[in-house]
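Hi everyone, thanks for coming. Let's look at this one together, starting with a loop and then moving on to some helices.

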Amino acid sequence: MSPPQNSLVVPVYGNSRSVEPLLDTIEGIEGQVEGGLETIFVIDGSPDDSREKLLAALPGRTLTAQVVDHARNFGSFAAIRTGMSRARGRYIAVMAADLQEPPELVVQFLRRLASGEVDVVAGERASRDDRGDTASSLYWSLYRRFIMSEIPTGGVDVFACNAAVRDVVCSLESVHTSLVAQLFWVGFRREMVPYDRRPSPGPSGWTFRRKLRYLSDSVFAFTDLPVRALWLIGLLGLALGSLLAIAVVIAKISGAISVPGYAATVLLIVFFGSINLVGLGIIGSYVLRAYETVKGRPGSIVSDVTSFSPDDRDE
């Protein structure tokens, strides 16, 4: 049999409670797209029994599916990349396992791609009914302003692309990077679809640590702005130090200073020492990413793959 025309990638981490609603939703999507649908569930080192529930539930479903296990937790972007690389369809969509995005988006995405008029379709949040709205909006506004103007104001959580875009994105060997930013960096014909995001059904696995890492990966992988900002801070510090030196010389000549100022000395040491430390941290972040890329380690490791097909169940 020829492979399905459409592929759906679903990264799974801590989604045990949403397995049955997720499968119901995907079966509904399957009935609305032409050319067939395969679903690739990527278990990204999930600490709960999401994998066991999927393996137990899929034989009773009509879905064509793969359950791909990562050897450990590599992150959601690594899971999406793994799923995209294993997709056999001409059109590949990505959705979250917690069902925060409306499932009809996937149907709309795949239909737009099948029209041949666009290469990438992404969801753009018209509203967002969950916590962190202000902080997220501020972050993406700054990201659009200083790093990548093509990114939507609210960021991107769900998208779809054709196989040509998938091949280009998966060929990029950068590590510690943002898959979403890469998707916009490669270009191609894009279209944005507005939607209202649903509230999260439970505690989010998107911890502060993960957010901080995502922030650094999104910035350092796509702009030299921190280095240029550091250069500007260095120039301002040099100008400030020069003015202070001139003031000290004038005060010394006029007799206003008889003993060298202890406080001024300490303040100068702390100020310029802090600039040096910040600079080393910024430069080190770029060097680390170059080092990780040079090492050539894979972004993820697949430990097991289980396939499900309606034809196999009929036998």
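S178 sits in the loop between α6 and α7 (179–185); helices here are DSSP runs of H or I, at least four residues, and strands are runs of E, at least two, numbered from the N terminus. This is a predicted model, where local features need pLDDT of at least 70 and side-chain atom pairs 80 or more, while totals for chains, interfaces and linings use all residues. Residues are numbered from 1 along each chain as its sequence is written, and side-chain values use heavy atoms, leaving out hydrogens and water.

So, is S178 buried or exposed? S178 counts as buried because its relative accessibility is 1%, and buried means under 20% relative accessible area, with a 1.4 Å probe and protein chains only. S178 is also 101 residues from F77 in sequence, yet their C-alpha atoms are 7.3 Å apart in space.

Next, two helices. The axes of α3 (residues 76–86) and α6 (residues 163–171) come within 10 Å and cross at roughly 130°; axes are lines fitted to C-alpha atoms over the stretch in contact, with angles from 0 to 180 degrees between N-to-C directions. Who meets whom? From α3, R81, M84 and S85 contact R166, V169 and C170 of α6, with contact meaning heavy atoms within 4.5 Å.

Last, α2 (residues 50–57): its buried residues are S50, L54 and A57. They fall within an arc of 75° seen down the axis, so they line one face of the helix; the arc is taken from the directions from helix axis to C-beta atoms. Covering them are elements including β1 (6–12), α1 (19–30) and β2 (37–43).

Terms used:
Buried means under 20% relative accessible area, exposed over 50%, partly exposed in between (1.4 Å probe, protein chains only).
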